[in-house]
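Subject: Structure handover

Hello,

Here is the structure I promised you. Please open it alongside this note. My findings follow below.

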Amino acid sequence: ISAISFGAYLWHFPVYATFIAFCTKVYGTVPTGIGYMIALIIGVSLLSVASYECIEKKFAAWTRQVEGK
């Protein structure tokens, strides 16, 4: 779980800021219900795992290969 925590850190603010901007533009307010927060948490978690698996792991493997380790 600690391996994806950095991904969660990278994604949580941009996703939340985009969610607020979108809801403010479309609805004129930010939904504060528990359902919206659960959906947001799930979305951030999925993006964190995806960024770890698809970007961070591949970049780390590439840097090890380039450095010859």
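A salt bridge here is a side-chain nitrogen of Lys or Arg within 4 Å of a carboxyl oxygen of Asp or Glu. Before the results, two notes on the source. The model is predicted, so local features need pLDDT of at least 70 and side-chain atom pairs count only at pLDDT 80 or more, while totals for chains, interfaces and linings use all residues. Residues are numbered from 1 along each chain as its sequence is written, and side-chain values use heavy atoms, with hydrogens and water left out.

Salt bridge
The search of the whole structure gives one salt bridge. Glu-53 makes it with Lys-57, and the closest N and O atoms are 3.3 Å apart. Both residues sit in helix H2, four residues apart, about one turn of the helix. (Helices are DSSP runs of H or I, at least four residues, and strands are runs of E, at least two, numbered from the N terminus.) Glu-53 is partly exposed at 37% relative accessible area. Lys-57 is partly exposed too, at 39%. (Buried means under 20% relative accessible area, exposed over 50%, partly exposed in between, with a 1.4 Å probe and protein chains only.)

Core
The largest nonpolar core has five residues: Val-15, Phe-19, Cys-23, Leu-40 and Val-44. Helix H1 (2-27) and helix H2 (34-67) each give two or more of them. H1 has the largest share, three residues. (Such a core is a set of buried Ala, Val, Leu, Ile, Met, Phe, Trp, Tyr and Cys residues joined through side-chain atoms within 4.5 Å.)

Cysteines
Cys-54 is exposed at 52%.

Aromatic pairs
There are two aromatic pairs in the whole structure. Phe-22 and Tyr-27 have ring centres 6.5 Å apart and planes at 85°, so this pair is edge-to-face. Phe-22 is partly exposed at 48%, and Tyr-27 is exposed at 56%. Phe-59 and Trp-62 have ring centres 5.8 Å apart and planes at 35°, so that pair is tilted. Both lie in helix H2, three residues apart. (Rings of Phe, Tyr and Trp, the last by its six-membered ring, pair if their centres lie within 6.5 Å; planes under 30 degrees apart are stacked, over 60 edge-to-face, the rest tilted.)

Best wishes
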